[in-house]
Amino acid sequence: MPHPRKAAPAALAAALLAAGLTPLVLAAPATAAVAKQYDDFNGDGHRDLAYLGYNRENHRGGAVTVVYGGTSGLDTSHVQVIDQDSAGVPGSGEEDDLFGDSLAGADLNKDGYADLVVGNPTEHVGSARYRGTVTVLWGSRSGLSGGTTLTPKGSANGSQAHFGSDLATGDFTGDGSPDLAVIGGEEAWLYRGPFTKSGHTGTVGKIDKEGGGWYSTGLAAGRVNSDGKADLVILGEQFTGASSTPALRAWFLKGASSGLASGATKTLESAWHGGLGPNAAIADFDKDGYGDIAIGQPDKDKGKGAVTVWRGTSSGPSGSKTFTQATAGVSGSPETDDDFGYDVSAADTNGDGYADLAVGVPHEDVDGKQDQGGVHVFRGGSGGLSGTRSAWIPQTVAGAADSDTAFGYSLHLRDLTGDGKADLAIGLSGGGVLLRGTSGTPAATGATVLPDLGGAFLD
C-alpha cells in the first residue's frame, strides 16, 4: 500500500546514527515449505517487524531496520540494520537514494524463511537517473542475508521511472508460489513466482487498462472474494473523455490462475489535482468471509481527510461507506490539513474475530500543539466498522505532549506476540512505539520503543 512519504516531517529525513546488530542464530524450519508468516525472516515461528530506518554512520542512501520477534513479542536487543553497503546487498548507498522507502514481505523462494522486498525508487542506474531498484533480501536461519535485484521491464527501465515506488505480495495465481506486484514507470507489473537467488522469476507482465489513460501510483493486496487467491487493488489516476484533469480511482483485480483479472473501478475524486495520494488496506471488518478495502484519502476536502471502505462480496467489491472525523462517535472534528487517513492498517486488535482499522491523523492540532497528531482505532463488528466503536489514541502515550510530533504518520497492525490480538506500531517524528493489543484498545502499558524508526512499516 502506498504511504504519502514525501510529506513526512523533515525531522524524519535527518541522518541519525544507528549501529547494526546481528540477530541470534536460530533453528531451521523442519521442512522447506512456504513460511507461514510473510514477516518471519529467520523461520523461528515468531513474526518480525521491518521498517524504514536511519542511515548508519558514514553511510547514506537509506536503511531498513528489522526487530526480530521472540516468545514475548519483539526483542529490541535483536536488531538488524541493512543498507546497500551491507555485505551481500547489491549496489551502494548514495546521497539521494531511498533504500527502504517501500517494503513488502513473502517467502518468494519457498525455503521456509520469509524474504523482504525493498524498494529504492530514486536510485540512479547507469545513465538512467531516478530509475529505481527493487532488491530481495533473503531470509535465513540467522535472519536476512544477502540480496538480489529484480530486472525492470518496459517503461520501468528508464530515467524517472521510480521503479519500486510501491510493492505488494500475494499468491495471485493460486499456484502456491507468492507473486510480487511492483509500481514503476507509472505502471504496475506482476512478477510471478517462484523466485530464485540468481534473479530468476516466472513471467513478468504489465497490468494496465490498455487505452484507458491509466497511471498507477499505489498497491494493496489481500483476499476480497474468498476464492483462495490473493486479489490486488491498484490506486491511480485515469484520464477519461476530453478532460485534462484525471480522476483519482481504485481498481480491483481478481486473482486468477492466468494472473489477475480486471474488475470494478471506484472513483475517489472526480477531478484530482495531485497531493498526498491515497493508501489502502484489506481486511474483513464484518466477518462475512469477504475482505473489505479501506482507502485512506488524506487530501480529501482540503486535507480534512476521509477513509472510504469498499465492501467485499463474492464477486468483488461493491458498495461503500465513508468515515471522517465528522462521523458520529468519532473523536475530534475535521479541520483543514489534519490529513485524516494519512495511513491506514488493519487487523484484529482485541481478538473478537473482526478486523479493526487504525487511521492516522498526524497533523491534528491538539490543545494548541500544532501537528501533534493521533490515531483513531475503528473496531469491526456486525455491519462492519462504526464510528460509535471507535477510540482515540493520543500522542501522549509515547511521551509528553508536544508540537510537530506527527504521531500516526505511519501505522502497522499485526499480532507480534502470538496472543491473538494485533499490536499497533505507530510512527512519530524521530521514532516510534508499539502498543500491545488488548481486549479493548491497544494500550500503552508494556509499550515498546521501536529503535531507529524513520519511515513506513512493512505492509
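Which residue is the bridge partner of Leu137 in strand 7? In this predicted model, the partner of Leu137 is Gly147. The pairing belongs to strand 6 (residues 133–137) and strand 7, which run antiparallel and are joined by 3 bridges.

Strand 8 is joined to strand 9 (residues 179–184) by 4 bridges, and the two run antiparallel. Within this pairing, Thr169 stands opposite Leu180 of strand 9. In general, the strands of a sheet pair through backbone hydrogen bonds, in either a parallel or an antiparallel manner.

**Strand 16 and its partner**

Strand 16 (279–283) pairs with strand 17 (residues 292–297) in the antiparallel sense over 5 bridges. The bridge partner of Ala281 in strand 17 is Ala294. Is strand 16 largely enclosed or left open by the rest of the structure? Because 5 of its 5 residues are buried, strand 16 is largely enclosed by the rest of the structure. Asn279, Ala281 and Ala283 point one way from the strand, whereas Ala280 and Ile282 point the other way, and all are buried. In a regular strand, side chains alternate between the two faces of the sheet.

**Nonpolar cores**

The largest nonpolar core has 17 residues, and those with the most contacts inside it are Phe285, Val307, Val309, Leu357, Val359, Phe378 and Leu385. Two or more residues of this core come from each of strand 16, strand 18 (306–310), strand 20 (344–347) and strand 21 (356–360). A second, separate core has 16 residues, among them Leu108, Val136, Leu150 and Phe163. In soluble globular proteins, nonpolar side chains tend to be buried together.

Leaving aside neighbours within four places in sequence, Phe378 is in contact with Phe323, Val330, Phe340, Asp356, Leu357, Val359, Leu385, Ser386, Gly387, Arg389 and Ser390. Between Phe378 and Leu103, the separation is 275 residues in sequence and 25 Å in space, C-alpha to C-alpha.

Ala256, in strand 14, is buried as well, with a relative accessible area of 16%. Not counting residues up to four places away in sequence, Ala256 touches Phe172, Thr173 and Lys229. Ala256 and Gly381 lie 125 residues apart in sequence and 30 Å apart in space, C-alpha to C-alpha.

**Aromatic rings and charges**

The structure holds 6 aromatic pairs. In one of them, the rings of Tyr215 and Phe239 have centres 5.9 Å apart and planes at 85°, so the pair is edge-to-face. Tyr215 lies in strand 12 (residues 214–222) and Phe239 in the loop between strand 13 (231–238) and strand 14 (247–256); the pair, 24 residues apart, links distant parts of the chain. Tyr215 counts as partly exposed at 34% relative accessibility, and Phe239 counts as partly exposed at 33%. A pair of aromatic rings is described by the distance of the centres and the angle of the planes.

| Charged residue | Ring | Distance from the ring centre |
|---|---|---|
| Lys209 | Trp214 | 5.9 Å |
| Lys287 | Tyr354 | 4.4 Å |

In each row, the charged end sits over the ring: that of Lys209 over Trp214, and that of Lys287 over Tyr354.

Methods: Residues are numbered from 1 along each chain as its sequence is written. This is a predicted model: local features need pLDDT of at least 70, side-chain atom pairs count only at pLDDT 80 or more; totals for chains, interfaces and linings use all residues. Side-chain values use heavy atoms; hydrogens and water are left out. Two strands pair if DSSP finds at least two bridges between them. A nonpolar core is a set of buried Ala, Val, Leu, Ile, Met, Phe, Trp, Tyr and Cys residues joined through side-chain atoms within 4.5 Å. Buried means under 20% relative accessible area, exposed over 50%, partly exposed in between (1.4 Å probe, protein chains only). Contact means heavy atoms within 4.5 Å. Rings of Phe, Tyr and Trp (its six-membered ring) pair if their centres lie within 6.5 Å; planes under 30 degrees apart count as stacked, over 60 as edge-to-face and the rest as tilted. A charge sits over a ring if NZ of Lys or CZ of Arg is within 6 Å of the ring centre and within 35 degrees of the ring normal.
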